[in-house]
Number of protein chains: 2
Amino acid sequence: MKERKIILAEKDIPENWYNILANMPNKPMPPLNPATQEPIGPDALAPLFPMGLIKQEVSADKWIPIPEEVRDIYKMWRPSPLYRASNLEKMLDTPAKIYYKYEGVSPAGSHKPNTAVAQVYYNKQEGVKRITTETGAGQWGSALALACNFFDIECEVYMVRVSYEHKPYRKVMMNTWGAEVFPSPSDRTEAGRKILAQDPNSPGSLGIAISEAVERAAMDENTKYSLGSVLNHVLLHQTVIGQEALKQMEIAGDLPDIIVAPFGGGSNFAGISFPFLRLNFEEGKKIRAIASEPASCPKLTRGQFRYDFGDTIGMTPLLPMYTLGHNFVPAPIHAGGLRYHGAGVIVSQLLKDKLIEARAHNQIECFEAGILFAKTEAIIPAPEATHGIATALQEAQKCKEEGVSRTILIHLCGHGNFDMAAYDAYFAGELTEHELTEKEITDSLAELDTPVIE
Amino acid sequence: MKERKIILAEKDIPENWYNILANMPNKPMPPLNPATQEPIGPDALAPLFPMGLIKQEVSADKWIPIPEEVRDIYKMWRPSPLYRASNLEKMLDTPAKIYYKYEGVSPAGSHKPNTAVAQVYYNKQEGVKRITTETGAGQWGSALALACNFFDIECEVYMVRVSYEHKPYRKVMMNTWGAEVFPSPSDRTEAGRKILAQDPNSPGSLGIAISEAVERAAMDENTKYSLGSVLNHVLLHQTVIGQEALKQMEIAGDLPDIIVAPFGGGSNFAGISFPFLRLNFEEGKKIRAIASEPASCPKLTRGQFRYDFGDTIGMTPLLPMYTLGHNFVPAPIHAGGLRYHGAGVIVSQLLKDKLIEARAHNQIECFEAGILFAKTEAIIPAPEATHGIATALQEAQKCKEEGVSRTILIHLCGHGNFDMAAYDAYFAGELTEHELTEKEITDSLAELDTPVIE
């Protein structure tokens, strides 16, 4: 019998993060000050982030060393396994070869701790005592709670109130690792109190939770803020995934023709695909990387490339990104991690330059893909992860129709152990699709008064 | 930096299961027919189990080959990692060296699939079309659902109604793998209908669920029944864990002085410890194996060694076991997998012969141990798994007091992703302890009219 998975040794954990900025033919345009519309410098980020991370955010170095302390913590779950999906291939009766890189082995159950640990490390280096963040369904919050626990830093998580009340288990996970979790809006911030004064029963939103976390960080010099995706340094940290996968594919004697990954803000997709795109830049390979997004939040496939705010409330610098408008409110799909209005600037520029692709899937199609995956490969995927699987199934079908074998690599970014309510809704026939009209998108974009990029 | 974990290759998955019966100085006494009190033969089990498993149940062979198809499925998550708990050691400031073998990497999140896959394989070999079982909190049911899915056998799970209603996520997991899950008592069996006629709102019990699953299996020759612990063949299948751990400890250049594992029916404990006890029998080693049980269900530390029924209702043969009496109803602690009145016959005989040890812990102590573990080693343990950790903490403390270094191996049998409600109850201060009185135990045992063993 053949091997099902390729396992690396701890010494194979990458020693550097890969910075794709160094290889990009067109660098992203600069962030702008919303008031002046002038480019801003890195110092504008200093109230919120430690300098170690700000330097990474703007670095043009191709390789950035991973500190030994970070690598040592990575060893608790890394290297993660690369599986050959032989049962799935057989079920699909496809000539395609399908592999998946599985990040659900981390204690928080997703790829998120890869950046959480790195971010907390740099905060610790600069004497930060407390880190704040927001979380929706709780995947990012639990990764940060885990990381803060390792470095003995206080972790303060603002969790959207409706999630706090309906999805208590992620909160308990954060508590177990020592984090404080507050339903947002809370009475701990001016932003929260203002909302509560208007509506004491406000269900909260990611936008409000961001405001609370940022306000707490800005008011105290020993407190910083942390973000789980979108920013360059977050994408950078996730490249350990793709670097390991590249080594594992080499051991398998194979190289992907197509890489598929779910797309929220970009760190999941970047993590697996950037180290392979390097081969396109440097060795003339033609590996296709496809970002899989929900049809209900299709910034890459139906959004506009322009300047927009990174947050809902308009506190961040203006960023050059594919966006649906920062006021866009996606339908309440179960893949909560993909409900973000914009795409990080690096991924946006790559898409603009046609160096990557994007595809949208509706959520029923995604759950069907997820259940097929669970029934063949045993792992029940997180709702976010089912999006990449849905794209892979389409590509495998194409191989079958064309009678061509291609190698497909899926980023299976996390397990669905905390998402069984979503699967339950699928089985109960309660999942709905919101067919997003063109008018809804143009209306949302029409509200923007930020610079368009021609 | 040193390695944190020892990983084996797929080729290192054991090729045989280890049968400790071959090495035991005193074999277990025979099971008895409750009506005649005469020893029964293996054919008495034929209505419920396939012959392949019955042969294993009574085999005296030391090594029993693992079929290639079973090994191939094991490769989906095996070999499981062995970790050095260096963070925990540091926190405890103990000279003890602590390792843990982690079975939470299986798709169902515990060690249970090791036997589920083997059991379903032998059923498939004999043309069985459907397997029934009972489940409480759902850990065993989901392992069997997973295994039946691999072999395309129907899986019918009777889940205690109160769990079915309060813990829906394990049920959804079973559904995702294609199993049918029925709240028990159900109207699908005579046993269930009888209970429902008396009390339409019956919350159910494990005893009733067993009756339903057994009745369904007995009424149809294509349907068999499956059990997740207690029986000899179940213990046998779990020995892949200890065999791997032995190889991993050798790579670490170490050998445990003490092995600790949670104790429910015995398969968890047997799985990790029996391959090491073989070294005691064959090479004169003095490895101590400690079974960690809940203080609220202390059959090993406070029970009686005598003949008793394996089930609550009294349908099984009489088994020579440590028991609290088959009518004993333990307090509703969160470690649902450990709430069983008796111990499997092999483990009972080993304890009787003082070849293993046992220790009881109350549940608050266990959750405290589990949270300390999560804060140091990152993995949040299942409530069952916290019992072994609690024993390990005591032994590590002893090492510290005596200034002696001993090597402790913990069986971390599963993660707590589906048990966060239990942790929530701990944090909320809602956990209680039931101090079991001597009278409660003697009263329960006094109800028995089965043969005492002097």
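Colleague: What makes the charged end of Arg84(B) count as sitting over the ring of Tyr99(B)?

Modeller: A charge sits over a ring if NZ of Lys or CZ of Arg is within 6 Å of the ring centre and within 35 degrees of the ring normal. The charged end of Arg84(B) is 5.4 Å from the centre of the Tyr99(B) ring and sits over that ring. Arg170(B) sits over the ring of Phe418(B) in this way, 4.3 Å from its centre.

Colleague: What do these values rest on?

Modeller: This is a predicted model, in which local features need pLDDT of at least 70 and side-chain atom pairs count only at pLDDT 80 or more, while totals for chains, interfaces and linings use all residues. Residues are numbered from 1 along each chain as its sequence is written, chains are lettered from A and ligands numbered from 1 in the order in which they are written, and side-chain values use heavy atoms, with hydrogens and water left out.

Colleague: Why is the pair of Tyr121(B) and Tyr122(B) called edge-to-face?

Modeller: Rings of Phe, Tyr and Trp (its six-membered ring) pair if their centres lie within 6.5 Å; planes under 30 degrees apart count as stacked, over 60 as edge-to-face and the rest as tilted. The centres of Tyr121(B) and Tyr122(B) are 5.0 Å apart and the planes stand at 85°, so the pair is edge-to-face.

Colleague: And what makes Phe305(B) and Tyr322(B) a tilted pair?

Modeller: Their planes are at 40°, with 5.1 Å from centre to centre. Phe305(B) lies in strand β12 and Tyr322(B) in strand β13, so the pair ties together parts 17 residues apart in sequence. Strands here are DSSP runs (E, at least two residues), as helices are (H or I, at least four), numbered from the N terminus.

Colleague: How do you know whether Phe305(B) is buried or exposed?

Modeller: Buried means under 20% relative accessible area, exposed over 50%, and partly exposed in between (1.4 Å probe, protein chains only). Phe305(B) has 8%, so it counts as buried.

Colleague: What makes Arg188(B) and Glu156(B) a salt bridge?

Modeller: A salt bridge is a side-chain nitrogen of Lys or Arg within 4 Å of a carboxyl oxygen of Asp or Glu. Arg188(B) and Glu156(B) meet at 3.4 Å, N to O. Arg188(B) is partly exposed at 26% relative accessibility, whereas Glu156(B) is buried at 2%.
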